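Please consult the sequence and the coordinates while working through each solution.

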Amino acid sequence: MYIRWIPWGIFCLALLVSCEQTNTDTDASKQAARPDSITDVSRIAALTKQIESNPEDYALFQDRSELYYQIDSLDQAIADIEAAIALYQTGPDLHYWRGFLAFTSGDTLQARTAYQRAIDLGTQNSEAYYQLGQVAFFNQNYGEAQQLYARAAEFAPEQPIYIFAQGFLLEAQQDYKGA
């Protein structure tokens, strides 16, 4: 009986790994010289001052939203990305980020809406398709999930997570030959 849950654990671990943002700079001197080596809280304060001076700049809200997410202030991250979207409604990356934050907070309905909006706006981000597939998968809409995973794999065939997700989906449907 517990063996049935092993694939779910592996899938969740793969999802967690795929959502992690990686830092490509490994040289400590480069890291220290970069502006993002300042603490996130200081950077948030600096962005807040910039927003006060330029409240129409959606990118400032987006940047601050990402920083709030990094320090686990999800409500503030969502508020800022919504402010950014209010300023620039046709930005697919903003809608993708809103979907990511919604999915992270457990709001799959909002995540679905935001990811779909990013796709409708013409995003070329394979992750938007993958994450929308994740929403469909967790809502047990396996046919839609399969189509979205395949679309993500078309955009980024070099990403093994999309192929893994397709195989895991087949396994969840007990299609062991296809998996």
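**Exercise 1.** Which residues in H3 meet which residues in H4?

Solution. The model is a predicted one.
Step 1. On the H3 side, the residues in contact are Asp-40, Arg-43, Ile-44, Leu-47, Thr-48, Gln-50 and Ile-51. Their partners in H4 are Leu-60, Phe-61, Asp-63, Arg-64, Leu-67, Tyr-68 and Gln-70.
Step 2. Sorted by class, this contact of H3 with H4 comprises 7 nonpolar, 3 polar and 4 charged residues.

**Exercise 2.** Determine how H3 and H4 are oriented relative to each other.

Solution. 
Step 1. Helix H3 spans residues 40-53 and helix H4 spans residues 58-70. The two pack at an angle of about 155°, and their axes are 10 Å apart.
Step 2. Angles over 145 degrees count as roughly antiparallel.
Step 3. H3 and H4 are therefore roughly antiparallel to each other.
Step 4. The handedness of the crossing of H3 and H4 is left-handed.

**Exercise 3.** Carry out the corresponding analysis for H7 and H8.

Solution. 
Step 1. Helix H7 (residues 108-120) packs with H8 at an angle of about 150°, with axes 9 Å apart.
Step 2. This angle makes H7 roughly antiparallel to H8.
Step 3. The crossing of H7 and H8 is left-handed.
Step 4. H7 contributes Thr-108, Ala-111, Arg-112, Tyr-115, Gln-116 and Ile-119 to the contact, and these meet Ala-128, Tyr-129, Gln-131, Leu-132 and Val-135 in H8.
Step 5. By class, the contact of H7 with H8 has 7 nonpolar, 3 polar and 1 charged residues.

**Exercise 4.** Is Tyr-130 buried or exposed?

Solution. 
Step 1. Tyr-130 is located in helix H8, which covers residues 126-138.
Step 2. The relative accessible area of Tyr-130 is 0%. The cut-off for a buried residue is under 20%.
Step 3. Tyr-130 is therefore buried.
Step 4. As a further geometric detail, the C-alpha atom of Tyr-130 is separated by 9.7 Å from that of Gln-147, a residue 17 positions away along the chain.

**Exercise 5.** How many helices and strands does the protein have, and what percentage of its residues is buried?

Solution. 
Step 1. The protein has 10 helices and 0 strands. Read from the N terminus, the order of elements is α-α-α-α-α-α-α-α-α-α.
Step 2. Of the 179 residues, 37% are buried.
Step 3. Considering contacts between residues at least 6 apart in sequence, 47% join residues at least 24 apart.

Definitions and conventions
Residues are numbered from 1 along each chain as its sequence is written. This is a predicted model: local features need pLDDT of at least 70, side-chain atom pairs count only at pLDDT 80 or more; totals for chains, interfaces and linings use all residues. Side-chain values use heavy atoms; hydrogens and water are left out. Axes are lines fitted to C-alpha atoms, for helices over the stretch in contact, and angles run from 0 to 180 degrees between N-to-C directions. Helices (H or I, at least four residues) and strands (E, at least two) are DSSP runs, numbered from the N terminus. Angles under 35 degrees count as roughly parallel, over 145 as roughly antiparallel, 65 to 115 as roughly perpendicular and the rest as oblique. A crossing is left-handed if the near helix is turned anticlockwise from the far one by less than a right angle, and right-handed if clockwise. Contact means heavy atoms within 4.5 Å. Ala, Val, Leu, Ile, Met, Phe, Trp, Tyr, Cys and Pro count as nonpolar, Asp, Glu, Lys and Arg as charged, and the others, Gly among them, as polar. Buried means under 20% relative accessible area, exposed over 50%, partly exposed in between (1.4 Å probe, protein chains only).
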